[in-house]
Amino acid sequence: MELTSSVLDLNWSEVETKIRYFIKDYVEKSGAEGIVLGLSGGIDSCTAAAFSALAIDGEKVLGLLLPEQETYNTQDIDHAKFVAEKFGFKTQMIDITPTLRLFYNTIPVFEIADKICKGNVKARTRMIYIYYYANRLNSLVCGSSDKSEVMMGYFTKWGDIAADISPIMDLFKTQVRKLARHIGLPKEIATKPASPMLWPGQLAEEELGIKYETLDLILYGLEHFMEPEEIAKQLGLKRELVDKMKRRWLYLEHKRGMPLTTKIEYRTVGADFRLPHTFY
Amino acid sequence: MKEKFKVALAQITCKRGDKKGNIRKIEDNVVRARKQGAELVIFPELSVTGYVLRDQIYELAETIPGQSTDILEKLAGKTGTHIVFGLPELSDKTQATIYNAAVLVGPDGFIGKYRKMYLPTHSVFEEKRYFRPGYQTAVFETELGKIGLIICYDIFFPEVSRLTRLKGARLIICISASPVTRRTFFETLTTARAIENTAFLAYVNLVGIENGLQFWGGSRLIGPNGKVVAKTKYDKEDLMIGEVDYSDIKPIETFVPILKDLRPELFDKLKENAEKL
């Protein structure tokens, strides 16, 4: 297999159809009245929100803008509002700064310098707001995680990953960018550097230590059972870099599934209690 | 025996675990197809129960003949049609041995069943975990000629269709639950199996979404020359009628004489080498 960017090219019209069909079908069968999602103004959430509005009536889709003081970014807010207007779905903005402060002030062991722990509080706080709205509105939470993030475990457990459906989760970041362009998102949003917005200046590529264009090809190779040696050779990379990404992918599987238990009884949740995800 | 008759490709969405609802949908399609002159109505793999059942299959499997088959036998009798449908079959000799089965009933009752031989257990498929494979191909003498049954992944193994054809089937029916990522394979293989066996091949696929798997539909009746006689829509429920005319086989078989040119000694070599793979 030749690892070039063309392997990530898909028939975007077909992909669009599949995603719209998936969202519509799931919402209808579940009996939910709509979709709620966190809308950061980044490429993933803008794409997931746009698809939600394309799949069901935009009036039934609510994008929650949940900014907070430290990472407040006017451009992101503008992008989120632009996408909402273009695709005809509703938005609501709530400043979560006071809630976050309450957490910081009431957790006895809170350490301001530990930006990861603090950042995870932000991701999980956003999740609480999103699920509150979904519960109140009898709606589903639509996640916006992509395959690059999920394979890398680059998300907050029970935070930004939390959702009822994740319609773009089988597409790498660079594929989401192309798909976003296909459905009419502006280049400015589609090519914007990704950030989980957990602390000021946080950039996904810097933190992962690799450009998505390269990462996605490594992950594509690993997905297709290619040896790291071959991936490194084809992409002109150091073997250590490919090994590092492979390790990260394998070791963070625990973030992607049900919590592990020890088998005691006849049938065990998350192990051999094998049921369909839904009966819809 | 009829040399010419109409076949209905009944491409339906199934609600998992809802046998009553699925059987009602089968009844509705049979009645509609019969009104359009169809004498044979074909439904997808596991159409009575839905495909992605996982452990729920132990509650849904039933013997063949059994409750669901009895209902559909009566329907076939009442409407004067032949019906092919899919069902998880519980062995009548054990309590939890299940087959992935295709059933053929006709105006005079139960005709026969086929137990899927090749059970996909890779990627998203986990059939070997739940099903015991069948060990026999199935060809049945009917008023509509000799009909052979195969199921989905069987079509990847040309020997199943070939054996079915060699036992005299001029119409091979393949019922299926194929997700959209496999569409190209099935579109190619259904045509190939019809051509290489100079037989009619009716392929009926599931449609809809189960557990995130999107079934693509695209059911079709293919003639012995590889031409698509009738084809349903992609991704939507559909009912399409096509005509089987066995007289179409002779001109193809004459000048594309695949069956005449078979080399049985190669089958021994095939066996010998497959064992060493």
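**Close-up views of a predicted model**

**View 1. Trp158(A) lies in the loop between α6 (147-152) and α7 (173-182) of chain A.** Helices (H or I, at least four residues) and strands (E, at least two) are DSSP runs, numbered from the N terminus. Trp158(A) is not a glycine, yet its phi is positive, about 60°. Its relative accessible area is 48%, so Trp158(A) is partly exposed (buried means under 20% relative accessible area, exposed over 50%, partly exposed in between; 1.4 Å probe, protein chains only). The model is predicted: local features need pLDDT of at least 70, side-chain atom pairs count only at pLDDT 80 or more, and totals for chains, interfaces and linings use all residues. Residues are numbered from 1 along each chain as its sequence is written, chains are lettered from A and ligands numbered from 1 in the order in which they are written, and side-chain values use heavy atoms, without hydrogens and water.

**View 2. Thr198(B) sits in the loop between α6 (183-197) and β9 (200-205) of chain B.** Its phi is positive, near 40°, in a residue other than glycine. Thr198(B) is buried, at 0% relative accessibility.

**View 3. Ile64(B) and Pro65(B) are joined by a cis peptide bond.** Omega is about -5°. Pro65(B) belongs to the loop between α2 (57-60) and α3 (67-79) of chain B.

**View 4. An open sheet of 4 strands in chain A runs in the order β3-β2-β1-β4, with parallel pairing.** β3 (90-93) and β4 (139-141) are the edges; each has a single partner strand, so one side of each lacks a neighbour in the sheet. Strands pair if DSSP finds at least two bridges between them. In chain A, β1 (residues 34-38) and β4 pair in the parallel sense over 3 bridges. Val36(A) stands opposite Val141(A) in β4(A).
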